[in-house]
Amino acid sequence: MSVPDELERYFQQRAQRDAFSGVALITQGSAQLFAGAYGYASRPWNIPNTLATRFDTASVTKLFTAVATLQLIERGFFAFDTPVIDFLALREMAIAPTVNVYHLLTHTSGIADDAEEESGEDYADLWKTRPNYAVKETADFLPQFAHKPPNFPPGQGCRYCNCGYVLLGLLIEKACGLSYRDYVRQQIFAPAAMLHSDFFRMDMTDEDVAEGCDPLRDEDGAIVAWKKNIYSYPPIGSPDGGAHATARDLDRFLRQVKAGSLLSAQSTAAFFTPQILNRGQEAWDQRYGYGRYGYGICFAVDDAGKVLFAEKEGMNAGASAVIRHYPDQDINVVLLANIQNGVWEPVKTIHRLLMAG
């Protein structure tokens with residue numbers, strides 16, 4: 001059985017068990033190796049997902065923020081070592097004045113996240129006292145993290161931080177005079193020909209946008225209902241997550257970055273170069289190799305320091321996404337799902353099949 005046939009059977013089986021609802025795309029250069037759509041974009045109306053469906057990309061959005069930041073560094077608006085608090089003129093906050101742009105890009109700032117999930121905090125708890133629809137603009141996130149004590153001094157640790165990318169979004173806005181979303185539309189989506197990507201509000205109706213929901217199960221594991229994610233996070237995407245894209249647009253984005261269409265040759269090389277050892281990723285290390293952060297993207301690196309692949313993944317209630325690039329084979333893997341736990345097992349299966357081939 002060929003790999004495409006095996007994958008088609010695999011995804012069909014998962015969709016029948018409601019374990020996958022979304023799309024999968026694998027390309028090699030300009031060639032399509034596999035593409036498929038499964039499950040429902042709208043479960044109440046039984047509207048199927050297609051390859052034209054736009055999905056919440058969750059934290060994959062950080063790649064757009066990273067590229068936007070590198071563009072503005074190239075244009076001289078700020079530098080890697082620019083102190084963020086001084087540039088933004090923020091006062092009376094717990095964020096160290098020595099936190100700079102490089103720290104935010106590489107998750108080494110030490111600033112507190114709005115939900116410290118590594119410490120057991122639940123992101124959903126943020127909306128018990130503050131309505132999620134009150135957070136619409138980038139600055140609206142500040143009260144959720146800016147006064148929390150830091151986890152470590154800048155540059156003296158590494159810890160994934162969503163709110164570091166919120167601060168990068170504020171830098172982008174101040175530097176260019178546009179909203180974060182407008183900057184990404186004009187300087188990333190448009191030049192990369194990502195014609196179907198945008199930031200869609202959860203409380204508005206838009207064509208070909210998947211509705212996020214997750215199964216509720218009884219004590220025996222049987223699905224008894226589906227819960228929408230409309231109260232789970234802010235209603236529109238922000239610098240740390242929530243942009244919408246098709247699988248083909250995400251594939252096109254990464255290939256345009258690699259081709260140098262969005263960044264200079266120097267910044268393109270830096271974007272695809274590991275920067276910081278990501279300690280505490282034991283499960284990742286056992287499966288793939290050592291994890292390192294770059295500028296928004298993560299790398300699996302072998303013992304000799306060779307990059308096995310680069311990827312960005314993301315997860316929210318009712319959404320999960322991963323985009324992965326294998327440099328030796330020039331293969332991209334894109335998985336987008338409108339359920340929270342949709343992409344993790346499939347990306348491991350695809351990795352196994354690609355390595356076996």
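Some ground rules. Residues are numbered from 1 along each chain as its sequence is written, and side-chain values use heavy atoms, leaving out hydrogens and water. Because the model is predicted, local features need pLDDT of at least 70 and side-chain atom pairs count only at pLDDT 80 or more, while totals for chains, interfaces and linings use all residues.

Start with helix H7, residues 247-258. Helices here are DSSP runs of H or I, at least four residues, numbered from the N terminus. How far apart should the ends be? At 1.5 Å a residue, its 12 residues should span 16 Å. The expected span is 1.5 Å times one less than the number of residues. The end C-alpha atoms are 17 Å apart, which agrees.

Which H7 residues are buried? Ala247, Asp249, Leu250, Asp251, Phe253, Leu254, Arg255 and Val257. Buried means under 20% relative accessible area, with a 1.4 Å probe and protein chains only. After H7 comes glycine 260, with a positive phi near 85°.

Phe253 takes us to the core. The largest nonpolar core has 75 residues. Such a core is a set of buried Ala, Val, Leu, Ile, Met, Phe, Trp, Tyr and Cys residues joined through side-chain atoms within 4.5 Å. Phe64, Phe145, Leu167, Ile188, Phe253 and Phe271 touch the most other members. Helix H5, residues 162-176, gives the largest share, 9 residues. A separate core has 23 residues, including Tyr10 and Leu354.

Look at Ile188. Beyond its neighbours within four places in sequence, isoleucine 188 is in contact (heavy atoms within 4.5 Å) with Phe64, Val67, Ala68, Gln71, Tyr183, Met194, Phe253 and Leu262.

A cavity is a set of points, on a 1 Å grid over the protein atoms alone, where a 1.4 Å probe fits but cannot get out; lining residues have an atom within 4 Å of a point. The whole structure has 2 cavities of 30 Å³ or more.

Methods. Helix = DSSP H or I, 4+ residues; strand = E, 2+ residues; numbered from the N terminus. Buried < 20%, exposed > 50% of the residue type's maximum accessible area, 1.4 Å probe, protein only. 1 Å grid on protein atoms, 1.4 Å probe; cavity = no way out; pocket = protein on both sides within 12 Å on 5 of 7 lines; lining within 4 Å. Points joined across faces, edges and corners; volume = space filled by probe spheres on them.
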